[in-house]
Amino acid sequence: MLAERYINEFKDKEMVLGTRGSLLALWQANHIKDRLEAKGVKVRLKSIKTSGDKLLDSPLANVGGKGLFTKEIESELLSEKIDFAVHSLKDMPVIESARLSLAAVTKREDARDCLLSERYANVSELPKNAKVGTTSLRRSLQLKLMRSDLDSKGLRGNIQTRLNKLKSGEYDAIILAAAGLKRLGIESEIPHIQYFSTDEMIPAMAQGALGLQCRDPKYSPHFRDLAVCKVLESLHNKDAALSCGIERAFIALLGGGCNSPIGIHAQILKENRLKISCIVGTLDAKNVLRDSATCERGEVEYVLQSMINTLKANGVDRILAETHGG
C-alpha cells in the first residue's frame with residue numbers, strides 16, 4: 001500500500017517525467033502517467049531528444065550502443081530537471097549510473113520478436129536473397145541461422161519509420177519487437193506477421209519491460225526524491241524484475257552489449273522454476289554458442305555462473321572480441 005504522505009507530496013507539485021519523443025516512448029510514458037494519476041499523483045511529461053534519436057545513419061554498435069537512448073535523460077535527472085524517467089529496459093545499460101536508481105520494473109509485455117511483411121507470411125516464404133531489415137545484430141545472427149541466404153540490412157528509426165520503409169518496398173520483411181506493435185495497437189496494419197517463439201529467436205535482455213528510473217534517495221537530502229522512489233515502487237512487478245534481473249546479470253557477467261549478437265531470456269515456469277536460454281555468435285553465424293538450463297529460483301546465481309563458465313570454455317571471449325572488431 002502506497003503511503004499517503006508520499007502521494008501528498010505530488011498533489012500540488014507535479015512529478016516531472018522525462019521521455020523520448022517517439023510515439024512508442026510517449027505511449028509508454030502516458031501509460032505510466034495514467035497509472036500514477038489513478039493513485040492520486042500528478043504527472044507532467046517532458047520530451048527529451050537523445051543521441052540515439054539523432055544519430056540514425058549508423059548501426060547502434062558503431063555509435064555507442066544502447067546508452068545513446070538514455071544518457072541525455074539521465075543528465076536531466078542528475079541536474080534535477082525531471083523527477084523520473086521511463087525507459088525500455090532493454091535500452092538501459094546493465095551498470096547503473098552513479099546516484100541514480102532503477103526504482104521499478106513494470107509487468108512485462110510480450111517478449112517475442114516478429115517478422116513483418118507486406119507479401120510473405122513467414123521466413124520460409126521469403127524469396128531467395130530477400131532483404132530483411134533489422135537494427136539488431138542478435139536478430140541478424142538468428143535470422144541467418146534460419147536461412148543463410150537472407151540479406152540482413154540495417155534499419156534504424158522509430159516503428160513508424162521502419163514500417164514506412166517496409167511499405168515502400170525497400171525491404172521484403174523487417175523484424176521488430178512484438179511489444180511495440182501491441183502497445184501501439186498497430187498489428188492489424190501489417191498484412192503478414194510471424195511471431196517467433198523465444199526458442200526460435202531468443203530475445204534481447206529485458207525485451208518487453210519498462211524501467212522506471214529516478215535519483216537514488218540514499219544520495220539525496222530531499223524528501224521529494226524519497227517520495228518519487230516510493231511512488232514508483234508501487235508499480236514494481238516482482239516476476240518481471242526477476243526475469244529481467246537475471247538477463248541483465250547475464251549480460252554483466254558476460255561483459256557483452258549491443259555491439260555483440262547476444263540473446264538471453266529467462267522464463268518463469270510453474271512450481272517456482274525458471275528456464276534460462278542464451279545464444280552468442282559471430283556476425284556470419286559460423287561460430288555460434290547456445291545454452292539452456294532449467295532451475296529453481298534459489299539456484300539462479302549458480303546456474304548463471306555455470307552458463308558463463310561453459311560459454312567461456314567454448315571460446316565466447318574470442319567471439320566477443322571478433323564482433324567488437326578486436
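Does Tyr6 count as buried or as exposed, and at what relative accessibility? I found 8%, so Tyr6 counts as buried (buried is under 20% relative accessible area, exposed over 50%, partly exposed in between, with a 1.4 Å probe and protein chains only).

A note on ground rules. This is a predicted model, where local features need pLDDT of at least 70 and side-chain atom pairs count only at pLDDT 80 or more, while totals for chains, interfaces and linings use all residues. Residues are numbered from 1 along each chain as its sequence is written, and side-chain values use heavy atoms, with hydrogens and water left out.

**Entry: rings.** I found 1 aromatic pair in the structure (ring centres of Phe, Tyr or the six-membered ring of Trp within 6.5 Å; planes under 30 degrees apart are stacked, over 60 edge-to-face, the rest tilted). Tyr6 and Phe223 make up this stacked pair, with 5.9 Å centre to centre and 20 degrees between the planes. Tyr6 lies in helix α1 and Phe223 in helix α9, 217 residues apart (helices are DSSP runs of H or I with at least four residues, strands runs of E with at least two, numbered from the N terminus). Phe223 counts as partly exposed, because its relative accessibility is 34%.

I also checked Lys182: its charged end sits over the ring of Tyr195, 5.6 Å from the centre (NZ of Lys or CZ of Arg within 6 Å of the ring centre and within 35 degrees of the ring normal).

**Entry: strand β8.** How many of the 5 residues of β8 are buried? I count 5 of the 5 in residues 173–177, so the strand is largely enclosed by the rest of the structure. Ala173, Ile175 and Ala177 are buried on one side, Ile174 and Leu176 on the other. Strand β5 runs antiparallel to β8, joined by 4 bridges (pairing needs at least two DSSP bridges); here Asp113 has Ala177 as its bridge partner. Strand β6 runs parallel to β8, with 2 bridges, and Val132 partners Ala173.

**Entry: cores.** The largest nonpolar core has 31 residues, and Phe250, Leu254 and Ile276 have the most contacts inside it (a core is a set of buried Ala, Val, Leu, Ile, Met, Phe, Trp, Tyr and Cys residues joined through side-chain atoms within 4.5 Å). Among the elements that each supply at least two residues of this core are α10, β12 and α11. Apart from this core lies another, of 24 residues, including Leu2, Ile32, Val43 and Leu232.
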